[in-house]
Amino acid sequence: MAQSIEDFYKQMPLVTRSYLTIAFLTTAACHLELISPFSLYFNFKLIFQKLQLWRLVTNFFFFGVFGLDFVFHMFFLVRYSKSLEEGLFRGRTADFAFMLIFGGLMLTLFAPFINIHFLGSSLTFMMVYVWGRRNEYVRMSFLGPFTFTAPYLP
């Protein structure tokens, strides 16, 4: 029997489900023009000169407009975050949350130098990278005939 979307969502681990929900709601709010992406993006001057401290966090939750790119980011987020949280970090939700916070902090420290305004994609690819390194012998397939091992995924 096929699993419903509601069941799939409810069975997600806590951190993965929370991040997915906040990311979806933030992107939807921007799409519906309830909030502007310009009030979310990472801007060093606005954060430290105007004390708009929410930008330190909100830039991780906006993934652009709804479209194929958004779908792929949500797929990577759910698949690899869930896999890490249920596998490597099973029973250690706080450790997984700490890994995400530490990764976010490192991305935030480097963001002013590399001029990236939304760090959600980078955080998602950090999870893909960690999963790939922890599952180095897993064989992956891209479009059928192209196969490679997991560390070469990102």
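The side chains of Ser81 and Thr16 are joined by a polar contact of 2.8 Å. A polar contact is a pair of N or O atoms within 3.5 Å; within protein, one atom must be able to donate a hydrogen and the other to accept it, and residues adjacent in sequence count only if both atoms are side-chain atoms. This is a predicted model, in which local features need pLDDT of at least 70 and side-chain atom pairs count only at pLDDT 80 or more, while totals for chains, interfaces and linings use all residues. Residues are numbered from 1 along each chain as its sequence is written, and side-chain values use heavy atoms, with hydrogens and water left out.

Ser81 belongs to helix α5, which covers residues 68-86. Helices (H or I, at least four residues) and strands (E, at least two) are DSSP runs, numbered from the N terminus. Is Ser81 buried or exposed? Ser81 has a relative accessible area of 2%, so it counts as buried. The terms are set by cut-offs: buried means under 20% relative accessible area, exposed means over 50%, and partly exposed lies in between, with a 1.4 Å probe and protein chains only. Leaving out residues up to four places away in sequence, Ser81 touches Thr16, Phe76, Phe96 and Met127. Contact here means heavy atoms within 4.5 Å.

Now the chain as a whole. It has seven helices and two strands, and along the sequence these follow the pattern α-α-α-α-α-α-α-β-β. The radius of gyration of the chain is 17 Å, close to the 15 Å that the globule rule gives for 154 residues, so the chain is as compact as a globular protein of that length. The radius of gyration is taken over C-alpha atoms, and the globule rule is 2.2 Å times the number of residues to the power 0.38. Along its principal axes the C-alpha trace spans about 50 × 35 × 35 Å. Of the 154 residues, 37% count as buried. Among contacts between residues at least 6 apart in sequence, 56% join residues at least 24 apart.

Next comes the largest pocket, with a volume of about 320 Å³. On a 1 Å grid over the protein atoms alone, a pocket is an open set of points with protein on both sides within 12 Å along at least five of seven lines, whereas a cavity is a set of points where a 1.4 Å probe fits but cannot get out; lining residues have an atom within 4 Å of a point. Grid points are joined across faces, edges and corners, and a volume is the space filled by probe spheres set on the points. There are 14 residues lining the largest pocket, and the closest to its centre are Phe61, Ala97, Leu100, Ile101 and Leu123. Helix α6 supplies the largest share, six residues. By class, the lining has 11 nonpolar, three polar and no charged residues. In this count Ala, Val, Leu, Ile, Met, Phe, Trp, Tyr, Cys and Pro are nonpolar, Asp, Glu, Lys and Arg are charged, and the others, Gly among them, are polar.

Not counting residues up to four places away in sequence, Met126 touches Met99, Leu100 and Gly103. Ile47 sits in helix α3 and is buried, with a relative accessible area of 0%. Beyond its neighbours within four places in sequence, Ile47 is in contact with Phe42, Gln52, Leu53, Arg55 and Leu56.

Some residues lie at the other end of the accessibility scale. Lys10 is in helix α1, residues 5-10, and counts as exposed at 53% relative accessibility. A polar contact of 2.9 Å joins the side chains of Lys10 and Glu6. The loop between α5 and α6 holds Arg90, which is exposed with a relative accessible area of 62%.

Two further residues have a positive phi without being glycine. Where is Glu33 found? Glu33 is in the loop between α2 and α3 (44-49); its phi is near 60 degrees, and at 70% relative accessibility it counts as exposed. Asn115 is in the loop between α6 and α7 (120-134). Its phi is positive, at about 60 degrees, and Asn115 counts as exposed at 58% relative accessibility.
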